[in-house]
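Welcome, and please take a moment to look over the model below before reading on. We will walk through it together, one region at a time.

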Amino acid sequence: LQYVCVIPDDQKKIIKTVRNLKKSNDFLITTGGIGPTHHDITAESISIAVNKKYSLNNEALKELKKYYKKVKSELTDARKKMAYMPVGSRLI
């Protein structure tokens, strides 16, 4: 671990920080900012920062469907947003 930071929900700051960090790191791990609310812009901002399309990840969608079925709740459009990420992302 080389660096830890907290970035506000500010697209310009997220993009700038990710671009700067990827210059000197092989991996960036992000947490938070990926919920089903309208102000969670992390995944979309990272897509822009790494020049990747922001798209629905079918593997993530499958996991969300399985989870919401298990808890007997609806997979709303807001919740489905959590399955969007930069193309080529891998789920951990």
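First, some ground rules. This is a predicted model, in which local features need pLDDT of at least 70 and side-chain atom pairs count only at pLDDT 80 or more, while totals for chains, interfaces and linings use all residues. Residues are numbered from 1 along each chain as its sequence is written, and side-chain values use heavy atoms, with hydrogens and water left out.

Let us start inside. A nonpolar core here is a set of buried Ala, Val, Leu, Ile, Met, Phe, Trp, Tyr and Cys residues joined through side-chain atoms within 4.5 Å. Buried means under 20% relative accessible area, exposed over 50%, and partly exposed in between (1.4 Å probe, protein chains only). The largest such core is made of six residues, namely A60, L61, L64, Y68, A83 and M85. Its largest share, four residues, comes from α3. Helices (H or I, at least four residues) and strands (E, at least two) are DSSP runs, numbered from the N terminus. A second, separate core has five residues, among them I14, I15, V18 and A49. In soluble globular proteins, nonpolar side chains tend to be buried together.

Now find L61. Setting aside neighbours within four places in sequence, L61 is in contact (heavy atoms within 4.5 Å) with L56, L75, K80 and A83.

Finally, visit two loops. N51 sits between α2 (42-49) and β1 (54-56), and K72 between α3 (58-70) and α4 (77-80). Though not a glycine, N51 has a positive phi near 55°; K72, also not a glycine, has a positive phi of about 55°. Why does N51 count as exposed? Because its relative accessibility is 65%. K72 is exposed too, with a relative accessible area of 76%.
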